[in-house]
Amino acid sequence: MSIHLGKLGEPERFHGRALDIFESLGDRHCGAYAMQSLAGFQAASGELGPASAALERSLLIFRQLGDRSGEASSAQLLGELHRSAGRAELARDYLDQAVVLRGSLAAEAV
């Protein structure tokens, strides 16, 4: 297990550094994508609280910026995270949001 976590440490630090850089530049959009990636590494290493907080923050930023694809991705990841933590109702809410967002994006593409 420690070998696996050691392998996650470097990419997690890389994405954390990228997030710091985007935030220092005021680039909320790229920062939100970096948060999504960082949250994935946090979740994989068992840090569900920080992962959830990062995904909630990215979801809010994408919503504020009007990036529905990013919003759908964050909602999907939050749903998966809550499902893995045994929070079925909360997971369903986020997964439903992701489906609705992706459906509206697909309808626009036609």
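Of the 110 residues of the protein, 35% count as buried, a label given to residues under 20% relative accessible area, while exposed means over 50% and partly exposed covers the range in between (1.4 Å probe, protein chains only). The structure is a predicted model, in which local features need pLDDT of at least 70 and side-chain atom pairs count only at pLDDT 80 or more, whereas totals for chains, interfaces and linings use all residues. Residues are numbered from 1 along each chain as its sequence is written, and side-chain values use heavy atoms, with hydrogens and water left out.

The protein has 5 helices and 0 strands; both kinds of element are DSSP runs numbered from the N terminus (helices: H or I, at least four residues; strands: E, at least two). Read from the N terminus, the order of elements is α-α-α-α-α. Along the principal axes, the C-alpha atoms fill a box of roughly 45 × 35 × 20 Å. The radius of gyration is 15 Å, which agrees with the value near 13 Å that a compact globule of 110 residues would have; this radius is taken over C-alpha atoms, and the globule rule is 2.2 Å times the number of residues to the power 0.38. Among contacts (heavy atoms within 4.5 Å) with a separation of 6 or more, 50% join residues 24 or more positions apart.

Helix 4 passes helix 5 in a left-handed crossing, meaning that the near helix is turned anticlockwise from the far one by less than a right angle, with clockwise giving right-handed. Residues of helix 4 in this contact include Arg-68, Ala-72, Gln-76 and Arg-83, and those of helix 5 include Leu-90, Tyr-94, Leu-101 and Glu-108. By class, the contact of helix 4 with helix 5 comprises 10 nonpolar, 7 polar and 6 charged residues; here Ala, Val, Leu, Ile, Met, Phe, Trp, Tyr, Cys and Pro count as nonpolar, Asp, Glu, Lys and Arg as charged, and the others, Gly among them, as polar.

Helix 3 (residues 48-65) also packs against helix 4, at an angle of about 155° and with the axes 8 Å apart. These two helices are therefore roughly antiparallel to each other, and helix 3 passes helix 4 in a left-handed crossing. Among the residues that meet are Leu-55, Ser-58, Leu-59 and Phe-62 in helix 3, and Gly-70, Ser-74, Leu-77 and Leu-81 in helix 4. The contact of helix 3 with helix 4 divides into 9 nonpolar, 5 polar and 3 charged residues.

On the helix 2 side, Tyr-33, Gln-36 and Ala-43 meet Gly-70, Ser-73, Ser-74, Leu-77 and Leu-81 of helix 4. This contact of helix 2 with helix 4 holds 4 nonpolar, 4 polar and no charged residues.

Ser-74, in helix 4, counts as buried at 0% relative accessibility. Beyond its neighbours within four places in sequence, Ser-74 is in contact with Gln-36, Leu-55, Ser-58, Leu-59 and Phe-62. Ser-58, in helix 3, likewise counts as buried, with 0% relative accessibility. With residues up to four places away in sequence not counted, Ser-58 touches Ala-32, Met-35, Gln-36 and Ser-74.

Ser-84, also placed in helix 4, is exposed, with a relative accessible area of 59%. The C-alpha atoms of Ser-84 and Gln-97 are 18 Å apart in space, and the two residues are 13 residues apart in sequence. Ser-104, found in helix 5, counts as partly exposed at 26% relative accessibility. Between the C-alpha atoms of Ser-104 and Cys-30 there are 23 Å, for a pair 74 residues apart along the chain.

Methods:
Axes fitted to C-alpha atoms, helices over the stretch in contact; angles between N-to-C directions. Parallel < 35°, antiparallel > 145°, perpendicular 65-115°, else oblique.
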